[in-house]
Amino acid sequence: MIDLPRTVDFDGNKVILVDQRKLPEKLSFLECESVDCVANAIKSMAVRGAPAIGAAAAFGMALYASRFESGRENFLSGLKTVAEKLKSTRPTAYNLFWAVDRVISSIKGATDLDEMKRRVLEGARRIAEEDVESNRKIGENGYRLIKEGYRVMTICNAGSLATVWYGTATAPMYRAHEEGIEFKVIALETRPVLQGARITAFELNRAGIPVKLIVDGAAGYVMSNLGVDLAITGADRILADGTTFNKIGTYSLSILAKEHGVPFYVAAPTSTFDLKSKPKDVRIEMRDPKEVAFIGNKRIAPEGVEILNPAFDRTPPENITGIITEKGVIMGSLAEKINRLLK
Ligand code: MRU
């Protein structure tokens, strides 16, 4: 069974985050008593994964509200500054923008300061609760895709630790495991931050789900020589036509899956859907070249060599067999079905 605390929480005074930089060696917590601390935690990937980032930002706003002392106008302008600071941490995961905007709109119509503070707190808590509920439903809607003896491939970590709890891509896995279905997960290590090795392998192993870890470049070998029955990934942002932005390597994996006839599913809550943007509007985060040049403290690339470190890529809808959401699984003509699902 899944044996992990909530990734993100708020005790009324502090935002409490599982510090994912320390995994797998140590399951420890980072306690944030300021909005700057929360923003830095998102930027430095102490907390990561689209839904977890969204919930952390919402609780960052709750932290601001709980510590604010006087003045309605000051509260509002301060909250907007906090919102902008949190939104500027990472550009690709839609849940971040969705959560911050939802908290802001929850105070519309509030007349006094206490009411505004209460609504911010409640709004943030609701986002966290709904995330867990959605993930449970994603598990329920998706677990029948996993059959006895299957080998399921995944990339990065779209697990419990990428959400408030239970995960998105892992939700069908946890649910299938609860049903007693026996299957194995093949986790791609996910260079350069190694979320697959450090986090997915950690959490599935802890839950008693057999997991085999491979380097990203071995995905083709494994598909063609050993066989893979299903691929499930998470998403940082899904557009109206089903175009999916997710961890770097997802696009390559989708092409391999297509080539080998492996069903390729994306699991995400509807809070990941951005119905307004076009592919060209979405900013792919470029991260520090040091993530590529070093492994731990050891330099592995020559000094001075040019490095490109995109954190995400774009998978076109034609490479996606289906999307597993809390409202159901959609397949086929994704654009039309997304429109119907999110109405
Ligand atoms: O850079 P990260 O670790 O935040 O990237 C995480 C992913 O790409 C996940 O697949 C995605 O956020 C979905 S998490 C449920």
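I took a polar contact to be a pair of N or O atoms within 3.5 Å; within protein, one must be able to donate a hydrogen and the other to accept it, and residues adjacent in sequence count only if both atoms are side-chain atoms. The model is predicted, with local features needing pLDDT of at least 70 and side-chain atom pairs pLDDT 80 or more, while totals for chains, interfaces and linings use all residues. Residues are numbered from 1 along each chain as its sequence is written, and side-chain values use heavy atoms, with hydrogens and water left out.

I then looked up the contacts to oxygen atoms of the ligand. A polar side-chain atom of Asp 236 lies 2.9 Å from one such atom, an N or O atom in the side chain of Gln 195 is 2.8 Å from a ligand oxygen, and Gly 49 brings a backbone N or O atom to 3.0 Å from a ligand oxygen. The protein buries 100% of the 420 Å² that the ligand exposes taken alone (Shrake-Rupley method, 1.4 Å probe).

I checked the backbone next, noting that most residues other than glycine have a negative phi, and most peptide bonds are trans. The peptide bond from Leu 23 to Pro 24 is cis, with omega near 10°, and the bond joining Arg 191 and Pro 192 is also cis, with omega about 0°. Tyr 166, a residue other than glycine, has a positive phi near 85°, and I found Tyr 166 in the loop between β4 (151-154) and α6 (170-178) (DSSP runs numbered from the N terminus: helices H or I of at least four residues, strands E of at least two).
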